[in-house]
There are 2 protein chains.
Amino acid sequence: MEQKEKQKNSGQIPTRVLSGLMELLPAEQLVFDRMRSVIEEVYRIYGFIALDTPVIERADVLLAKAGGETEQQIYRFTKGENDLALRFDLTVPLARYVSEHANELTFPFRRSHIGKVYRGERPQKGRYREFYQCDIDIIGDGALSLMNDAEIPSVINEVFTRLNFGPFVIRISNRKLVTGLLESLEAGNQSVGIIQTIDKLEKIGENEVRGLLVALGVPDNTIRAIFDFIAISGSSEDMLAALRNLGVDNETFRKGVEELAEVIRHLGVLGVPADNYAIDLTIARGLDYYTGTVYETVLRDHPELGSICSGGRYDNLAEKYTDRKLPGVGISIGLTRLFSQLKEIGLLQFGMATPTNVLVVPLVADISVPLEIAMALREAGLPTEVYFEDVKMKNKLAYANKLGIPFVVLVGEDEIASGEFTVKNMQTGEQIACAKGDIATAVKKEIR
Amino acid sequence: MEQKEKQKNSGQIPTRVLSGLMELLPAEQLVFDRMRSVIEEVYRIYGFIALDTPVIERADVLLAKAGGETEQQIYRFTKGENDLALRFDLTVPLARYVSEHANELTFPFRRSHIGKVYRGERPQKGRYREFYQCDIDIIGDGALSLMNDAEIPSVINEVFTRLNFGPFVIRISNRKLVTGLLESLEAGNQSVGIIQTIDKLEKIGENEVRGLLVALGVPDNTIRAIFDFIAISGSSEDMLAALRNLGVDNETFRKGVEELAEVIRHLGVLGVPADNYAIDLTIARGLDYYTGTVYETVLRDHPELGSICSGGRYDNLAEKYTDRKLPGVGISIGLTRLFSQLKEIGLLQFGMATPTNVLVVPLVADISVPLEIAMALREAGLPTEVYFEDVKMKNKLAYANKLGIPFVVLVGEDEIASGEFTVKNMQTGEQIACAKGDIATAVKKEIR
């Protein structure tokens, strides 16, 4: 009988996790955590301080920035006199944090944040109500060098190179291009709607986008100019040249071209191979929040996943909370969703269900020696367990096999008497004989 | 003007974090994270799999285990049709998890969990509404060897030895002792109230406890026997002998003595120095949840902090959710509270406000070489930043100083022309000259 049914019959409380919340089994959790720690480590070597802010925020803080859909998705509740809500992203808490602590922080302020956020969405495949975001942002006080925009793709490149899920491309554009173009066409007042429409290009195709633009009342010549702009393709150099020669007579546009050129120019020395980035004029990022460089990242062999790491430059992080002008640039990786998608398409391999490297199995009543061996292995940094339960030998080895523990050390009277112990490689079946003091070295050698 | 007042005057939203929620500045966060990662690493080398469960649970799941005070403290809310709540500890989610996934898990199941929990307590010093707990539990299927109880103090010892906050003592007792004693005195029906009263001994003193017991209607001879029992002191051997000779004619009591003796007997070989543990018959742990071994941990020089790591053995983890009998043993460290207490008494030292080891400062317009140097340092695993902002030299070095970045590499025309670069140790002022390719090695040598 299924656990759920059993519980129902016995009046017990159902234990199935709520839909939209992710809960992993040990082997999955280890893979998830490996992904998380790769991201964490890359953020660290680029000098981002890993912050943590409360999951609970004052509702008015969150609602100041949330709009439309997000506002409806918010988990909101009162406790005592407090009107509270769970954060729906990590950017609003960052804005609040930087506003509150500006005098105690040093700018440019480089912070990373890996944490859970909450959105009460209608549950659907790959959408979660509780999910991890992995963000970095660099916040300037008043101004922030464009070079920070160039460094961000270097971080993205390092993360996805280390994660090793196949070839990927970081698509880069600049919001000033489309904003400037629309200004030059005197369609600046429609720019938010137009940009949000262009952003759907990959999803719904050119014809649909054209239809939507017509429906928005965008004039024909403007639509034509937009599609001429979007059609620009080729190498980065070719595209930058084409943009310069497009004949758009607008200051914002020209600034966009120069910013984009400057960002692109430094990617090579920042370790981003030419295959891993491309100018892409179709990306605009839906949010009107971005004001300059924008990024999306896609797996070349799995474009259906959509962007797995996005972000961009914004002019002012926290105008709702402070008078201080705080420009910034940042990105976010939706780790929970990414994990779920990669699992779905079979790109994740699950193995061990424990961090344990060595299982020490006592075959003697006095377990002093087995304990001593385990402590020495732990001291050498090797995750180690001692099997204490009183079951048949077969079941002890089955425990190691089920969890995927790679090494077993059997400790019986003979071993203790002779001083010679055996490390069994559970995968190859190989047995390595060694003295008590050499077990850690032997295991480490095998792991290598 | 204070940020709060400014915001009020300008109609901006206040950004101060809600009382009872902890939010740290970068330098504090680094110390907090160091503590967290010490705990994480020790849990790992003992072979505990680090799980993660949703913060949001169904309210009925949480309320099945919560009682009295906890129930009132719970953050509860509805979303759509769901009656939801935020978890108030990590044990109830564990019980639900193990019940739900029992067929997919391998027992004994060793899991660690470091995560935030929520209690809407009245805010007071050192009490938080959102706080980290760091738990480990070993869950057996039907049975669980007592040796697991002996291993737990070894984990505690390793954690607090590595954390290095001064001498500590793990106080160990067994709930069967007091339960058996009360049974033998025919006061078994009052045992919950009596145990909860005894547990207050350290806080309120002997006379108060005596008064409370009288008020509970506990007979004089029982009270006398309880105090005779509690008064037992001396070395572990002496105490075990005294317990055996106490003349308590009760099976539960005798079992408690033998379990305690067995746990104590293995602590030496499990690496716990004699100074770091003691039998303490006054600890009983308030919860009637525990049924065998119980632990508390105190800093010898700061007993006023109370127990900083507690736990024990329980007979059945999840009776509310499953028919399966799941005995276990575990402990919990209240990390947020511990951090806050240690900070309060001045035991924490705050230094750097960034993970960055090296700041590369370009003094040239073409920043290719500075970027190249930074990438090589990152590749060598050294957290590195490039200072991009266009400010005076003084301010660039001030940035390094404010954040406590230990090394600075200045890159000017001369360095690029000569190929000789200088690593400046910001603490000693020392300058190390080296070739471009040797900067990482030079820094690593200095760090050592």
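In chain A, helix H8 (residues 191–198) packs against helix H10 (residues 206–215), with the axes 9 Å apart and an angle of about 165°. Angles over 145 degrees count as roughly antiparallel. H8(A) and H10(A) are therefore roughly antiparallel to each other. Their crossing is right-handed. Ile194(A), Thr197(A) and Ile198(A) make the contact from H8(A). Val209(A), Leu212(A) and Leu213(A) make it from H10(A). By class, this contact of H8(A) with H10(A) holds 5 nonpolar residues, 1 polar residue and no charged ones. All of this is read from a predicted model.

Chain B has a helix pair of its own to compare. Helix H8 (residues 191–198) and helix H10 (residues 206–215) of chain B cross at roughly 165°, and their axes come within 9 Å. H8(B) and H10(B) are therefore roughly antiparallel to each other. The crossing of H8(B) and H10(B) is right-handed. H8(B) brings Ile194(B), Thr197(B) and Ile198(B) to the contact. H10(B) brings Val209(B), Leu212(B) and Leu213(B). The class count for H8(B) with H10(B) is 5 nonpolar, 1 polar and no charged residues.

Next comes the interface. Chain B puts 78 residues in contact with 77 residues of chain A. On the side of chain B that touches chain A, 33 residues are nonpolar, 23 are polar and 22 are charged. Of the interface residues of chain B, 99% are also interface residues in chain A, so the copies meet through the same surface.

Now turn to the sheets of chain A. One is an open sheet of 8 strands, in the order E1-E5-E6-E11-E10-E9-E7-E8, with mixed pairing. Its edges are strand E1 (49–50) and strand E8 (277–279) of chain A, each of which pairs on one side only. Strand E6 (residues 130–139) and strand E11 (residues 328–334) of chain A pair in the antiparallel sense over 7 bridges. In that pairing, Ile138(A) stands opposite Val329(A) in E11(A). Helix H13 (residues 251–265) of chain A packs on the sheet. H13 touches strand E7 (168–174), E8 and strand E9 (293–299) of chain A. The direction of H13 makes about 150° with that of E7(A).

Chain A also has an open sheet of 5 strands, in the order E13-E12-E14-E15-E16, and its pairing is mixed. Strand E13 (384–386) and strand E16 (431–435) of chain A are the edge strands, each pairing on one side only. On average, neighbouring strands of this sheet are turned by 25° against each other, direction ignored. Strand E14 (residues 407–411) and strand E15 (residues 420–425) of chain A pair in the antiparallel sense over 4 bridges. Leu410(A) stands opposite Thr422(A) in E15(A). Helix H18 (residues 439–447) of chain A packs on this sheet, touching strand E12 (358–362), E14, E15 and E16 of chain A. The direction of H18 makes about 20° with that of E15(A).

Notes:
Residues are numbered from 1 along each chain as its sequence is written. Chains are lettered from A and ligands numbered from 1 in the order in which they are written. This is a predicted model: local features need pLDDT of at least 70, side-chain atom pairs count only at pLDDT 80 or more; totals for chains, interfaces and linings use all residues. Two residues are in contact if their C-beta atoms, placed from the backbone, lie within 7 Å. Ala, Val, Leu, Ile, Met, Phe, Trp, Tyr, Cys and Pro count as nonpolar, Asp, Glu, Lys and Arg as charged, and the others, Gly among them, as polar. Axes are lines fitted to C-alpha atoms, for helices over the stretch in contact, and angles run from 0 to 180 degrees between N-to-C directions. Helices (H or I, at least four residues) and strands (E, at least two) are DSSP runs, numbered from the N terminus. Angles under 35 degrees count as roughly parallel, over 145 as roughly antiparallel, 65 to 115 as roughly perpendicular and the rest as oblique. A crossing is left-handed if the near helix is turned anticlockwise from the far one by less than a right angle, and right-handed if clockwise. Two strands pair if DSSP finds at least two bridges between them.
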